[in-house]
Amino acid sequence: NEKNRKLNELLDALEFNQVVIFVKSVQRAIQLDKLLQECNFPSVAIHARIEQAERIELYQSFKDFKHRILVSTDIWGAPQPPSPRPPRLCPSLPTSLLHDATRVPTRPRVPASLTCPGRGIDIERVNIVINYDMPEEIENYVHRIGRTGRQGQPGNAHAFFTRNLAPLLPDLLELLRAHGQPIDPHLQRLVDAPAQPGGGGG
């Protein structure tokens with residue numbers, strides 16, 4: 001499909017050390033990992049159907065640079081689920097959104113003691129995060145893009161944003177503006193366009 005094609009093109013075009021690709025479901029993680037391997041991308045997947053011990057082993061193999069691409073759900077390979085308390089925003093990082101995305105360095109992370117609870121990926125070599133599936137809440141988006149640019153290293157975040165995610169736009173644009181990031185013109189047009197009767201659009 002178009003998202004897979006764009007992802008393939010993006011991975012071919014990017015210069016990366018390691019990449020984390022976030023998806024919305026276990027099935028998506030399995031399918032995308034299989035597709036990436038078929039396209040000769042060195043990927044591994046972590047999700048809830050994998051036993052905790054194996055998740056830790058896979059995470060360590062990624063951290064040891066045996067794989068350059070990690071496909072993950074929001075489980076993060078963490079031993080415990082996130083706290084039920086409302087999550088605290090991790091240090092916000094610049095992002096670029098496909099289409100016509102521009103890539104900009106991220107800001108240094110804050111000390112580990114200030115990062116978000118229950119978020120386990122902290123790998124210095126990860127310099128690209130891709131939101132293949134955007135999360136439904138902006139807090140999760142911020143947590144995800146916080147996986148790049150660790151330990152003061154530069155990093156970039158990319159996302160596939162489709163029209164059905166329009167309800168997320170106000171919070172997303174507020175986040176980008178608050179941190180001086182450019183607004184993708186396609187997103188601005190979605191905000192400015194009046195609602196069309198009957199929905200639709202691509």
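Modeller: Asn127 touches Glu15, Phe16, Asn17, Gln18, Thr148, Pro154, Gly155 and Asn156, leaving out residues up to four places away in sequence; contact means heavy atoms within 4.5 Å. This is a predicted model, in which local features need pLDDT of at least 70 and side-chain atom pairs count only at pLDDT 80 or more, while totals for chains, interfaces and linings use all residues. Residues are numbered from 1 along each chain as its sequence is written, and side-chain values use heavy atoms, without hydrogens and water.

Colleague: Is Asn127 buried or exposed?

Modeller: Buried means under 20% relative accessible area, exposed over 50%, and partly exposed in between, with a 1.4 Å probe and protein chains only. Asn127 has 13%, so it counts as buried. It lies in strand E5, residues 126–131; strands (E, at least two residues) and helices (H or I, at least four) are DSSP runs numbered from the N terminus.

Colleague: Which residues form an aromatic pair?

Modeller: Rings of Phe, Tyr and Trp (its six-membered ring) pair if their centres lie within 6.5 Å; planes under 30 degrees apart are stacked, over 60 edge-to-face, and the rest tilted. The whole structure has 1 aromatic pair. Tyr132 and Phe160 form it, edge-to-face, at 5.8 Å centre to centre with 70° between the planes. Tyr132 is in the loop between E5 and helix H4 (138–145) and Phe160 is in strand E6 (residues 156–160), so the pair ties together parts 28 residues apart in sequence. Tyr132 is buried, at 2% relative accessible area, and Phe160 is buried too, at 5%.

Colleague: Which residues of helix H5 are buried?

Modeller: An α-helix has 3.6 residues a turn, so residues three or four places apart point the same way. In H5 (residues 169–178), the buried residues are Leu169, Leu172, Leu173, Leu175 and Leu176. Down the axis they fall within an arc of 155°, so they line one face of H5; the arc is that of the directions from the helix axis to the C-beta atoms. The face turned away from this buried side carries the exposed residues Pro170, Glu174 and Ala178. Just after H5, Gly180 has a positive phi of about 65°.

Colleague: Which residues touch the most other members of the largest nonpolar core?

Modeller: A nonpolar core is a set of buried Ala, Val, Leu, Ile, Met, Phe, Trp, Tyr and Cys residues joined through side-chain atoms within 4.5 Å. In the largest, with 19 residues, they are Leu7, Leu11, Ile21, Leu36 and Ile130. Another core, of 16 residues, lies apart from it and includes Met134, Phe161, Leu165 and Leu175.
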